[in-house]
Amino acid sequence: MAKPKRRYVCQACGSVTHRWQGQCADCGEWNTLAEEAPETVFSAKHDLSSGGRAIRFEPLDAPGEVLQRRTTGIAEFDRALGGGLVPGSAILMGGDPGIGKSTLLLQAAASVANSGGAAIYISGEEAAGQVRLRAERLGLANAPIQLAAATSVRDILTTLGQMEPPALLVIDSIQTMHSDTIEGAPGTVSQVRGCAFELIRFAKQTNTALVLVGHVTKDGSIAGPRVLEHMVDVVMSFEGERSHQYRILRSLKNRFGPVDEIGVFAMEGQGLKEVGNPSLLFLSGRDSPVAGSAVFPAMEGTRPVLIEVQALIVRLASGATPRRAVVGWDNGRMAMLLAVLEARCGLNFSSCEVYLNVAGGYRLTDPAADLAVAAALVSALADKPLPAEAVWFGEVSLAGEIRPVAHGSIRLREAAKLGFGTAFGPAELPGASDGSRYRGLALLPNLVDRIMGEA
Ligand SMILES: Nc1ncnc2c1ncn2[C@@H]1O[C@H](COP(=O)(O)OP(=O)(O)OP(=O)(O)O)[C@@H](O)[C@H]1O
Ligand SMILES: [Mg+2]
Ligand SMILES: [Zn+2]
């Protein structure tokens, strides 16, 4: 009999090879391949065309139980979920260490429990006492959550099988769980997948909403959430700079809702506070206008958020290679914008260091940010502050045209609401109703004239 082949599994993406390599050929991560015990291999001799049970087909319009979404009691969490928890769904919550995953889920479990649903919180990382301490700090000590410290999926499912199924089950984290039917240490790809599979099956059978916490690791010492992404219904990521107070909950995949909605929170001593008006958070601390600062009305899903873009330009005396650094925006996009400003507007950045920063540690992905970035760059280069009450938005093409973008009127409304009465954007703006304080710009040179010409 042939010796079983060695099997190496990438802990980042789950791909399998039979030869060890330093770099995963699938996802390109380094040092993520680890040897794992072989999974059961089905050979062609196993004929699957007989011996099974007949399955039952149903029409799509069959009268069935209509399951209502359940609110988490946290509006920003519900919004990111697309309207609350779907019974029987599995949610994977990823995020950097210490970002606040356990805090958010403890708060959600508490409010589900307080509103009459059974909520179970299983911690595989912290002792029950530690979780209780956190609950005390968050003022949740009286919430009727059922709390346990456990890591054996068999123990967990055996216990759950003997009680009324809960409305919400939190597993913190999936990487600490282990199943005795699977070889390998907790955190390996086969353990993580196997445990998740069993827990998800429980959730589907009992209509429990299941949240699995998944740690994001760069070094591949434990399997990352990516190996679970296709197994779960919703993938969420909890993001933020640990040095900043605010946190953003984003859904990356959602079988039951849109993926571009975000929830915004601020991390405080008493836990995560919902931020109903994120614009105020990202704009804080703007008093007197400075050169290089432009306000951008971004869209996050259906919600507008005003964000400050800051540029700093330092002229170099010598012929040293100038640095370009971008925080919170795409590097390549800034290089492109600089090139367009040089080629179409005759500006010269070649002997200048260029730094771009999005305030508050926010990450911009909206393509309409181009015009605000260009305005910040030109303002910094000219050392002229932009009008204090203006916002800027529009996509810039390689030809230097300012292209129309979606949601113009929503952006204008949000800006006006926060006292930004003037808006600069594309010449054609579908849906812009009140044109009085709206200034359409057709080409990037119009922007440059506008800023350079303004006294
Ligand atoms: N007393 C406190 N006051 C304010 N903030 C606190 C306090 N204690 C903890 N925090 C915040 O809570 C964060 C930790 O939250 P939490 O344990 O929920 O994160 P996590 O994502 O679950 O982390 P881990 O990856 O370790 O499981 C800390 O980084 C800190 O920002
Ligand atoms: Mg935690
Ligand atoms: Zn990989």
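Mentor: The domain assignment, with bounds from an automatic or database source, gives domain 1 (1–39), domain 2 (75–276) and domain 3 (281–453). This is a predicted model, in which local features need pLDDT of at least 70 and side-chain atom pairs count only at pLDDT 80 or more, while totals for chains, interfaces and linings use all residues. Residues are numbered from 1 along each chain as its sequence is written, and side-chain values use heavy atoms, with hydrogens and water left out.

The centres of domain 2 and domain 3, taken over C-alpha atoms, are 38 Å apart. Contact (heavy atoms within 4.5 Å) involves 14 residues of domain 2 and ten residues of domain 3. Between domain 2 and domain 3 about 1000 Å² is buried, 50% of it from carbon and sulfur atoms; buried area is the accessible area (1.4 Å probe) that two parts lose on being put together, summed over both. On the side of domain 2, Y246, E261 and I262 lose the most area to domain 3, together 40% of what that side buries.

The rule finds one salt bridge across the interface of domain 2 and domain 3, a salt bridge being a side-chain nitrogen of Lys or Arg within 4 Å of a carboxyl oxygen of Asp or Glu. R250 and E300 meet through their side chains in a salt bridge, at 3.6 Å from N to O. On the side of domain 2 that touches domain 3, the elements giving two or more residues are α1 (75–81), β10 and β11; helices (H or I, at least four residues) and strands (E, at least two) are DSSP runs, numbered from the N terminus.

Terms used
Chains are lettered from A and ligands numbered from 1 in the order in which they are written.
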